[in-house]
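Please look over the sequence and the structure shown below before reading further. The paragraphs after them lead from the whole chain to its individual elements.

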Amino acid sequence: MEQITAAAKTYAESAEFQETAKVITSLVLHPEKVTQVGCIGGGNRYEKLNGISCDEAKATFDRVYKTGAPAGARSIETSDFICFYASAGEKQSGQADVICRSKATPDSLSFEMWPN
């Protein structure tokens, strides 16, 4: 135990540790910029939330599902969102069951939905 304590003290006094400590203590968390990765709701798992909160994703899918119109064989849309339903083959290859995207900004406002 004495050897471990001595080695730790020596490292803590080293230039390498001093630089590392500066970097670590300079890191700042900005909660307003944290993006939620996923959540569960209504028997589904929501993932890859991009520009949208979990509650917003759940509400958006619910709204699109209830009020949207068919857009092709496997899609449903409203004036602002479109949700694509995966085929059996796509699901087997690992694609989400449903991928929803904003029509105005598809690259910055989207989410995936999986069965829970």
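The following explanation treats the chain as a whole, then its sheet, and then one of its helices.

The model examined here is predicted. Its chain contains 4 helices and 7 strands. Read from the N terminus, these elements follow the order α-α-β-β-α-β-β-β-α-β-β. The C-alpha atoms occupy a box of roughly 70 × 30 × 20 Å along the principal axes. The radius of gyration of the chain is 23 Å, whereas a compact globule of 116 residues would have one near 13 Å. Of these 116 residues, 25% count as buried.

Attention may now turn to the strands. Strands of a sheet pair through backbone hydrogen bonds, in either a parallel or an antiparallel manner. In this chain, 7 strands form an open sheet with antiparallel pairing, in the order β1-β2-β7-β6-β5-β4-β3. The edge strands are β1 and β3, each of which pairs on one side only.

Several neighbouring pairs can be followed across the sheet. Strands β4 and β5 are antiparallel and pair over 3 bridges; Glu77 has Ile82 in β5 as its bridge partner. Strand β5 is joined in turn to β6 by 5 bridges, again in the antiparallel sense, and Phe81 stands opposite Ser102 in β6. On to β7, strand β6 is linked by 4 bridges, and these two strands also run antiparallel. Here Cys100 stands opposite Phe111 in β7. Strand β6 is itself mostly covered, with 4 of its 5 residues buried.

How does helix α3 relate to this sheet, and at what angle does α3 run to β5? Helix α3 lies across β1, β2, β3, β4, β5, β6 and β7, at about 80° to β5. The helix comprises 14 residues, 54–67, and reaches 20 Å from its first C-alpha to its last, close to the 20 Å expected at 1.5 Å a residue.

Which residues of α3 are buried? They are Cys54, Ala57, Thr60, Phe61 and Val64. Seen down the axis of α3, these buried residues fall within an arc of 125°, and therefore they line one face of the helix. What covers them includes the strands β1, β2, β4, β5, β6 and β7. On the other side of α3, by contrast, Asp55, Lys66 and Thr67 are exposed.

Notes: Residues are numbered from 1 along each chain as its sequence is written. This is a predicted model: local features need pLDDT of at least 70, side-chain atom pairs count only at pLDDT 80 or more; totals for chains, interfaces and linings use all residues. Side-chain values use heavy atoms; hydrogens and water are left out. The expected span of a helix is 1.5 Å times one less than its number of residues. Buried means under 20% relative accessible area, exposed over 50%, partly exposed in between (1.4 Å probe, protein chains only). The arc is that of the directions from the helix axis to the C-beta atoms. Contact means heavy atoms within 4.5 Å. Two strands pair if DSSP finds at least two bridges between them. Axes are lines fitted to C-alpha atoms, for helices over the stretch in contact, and angles run from 0 to 180 degrees between N-to-C directions. The radius of gyration is taken over C-alpha atoms; the globule rule is 2.2 Å times the number of residues to the power 0.38.
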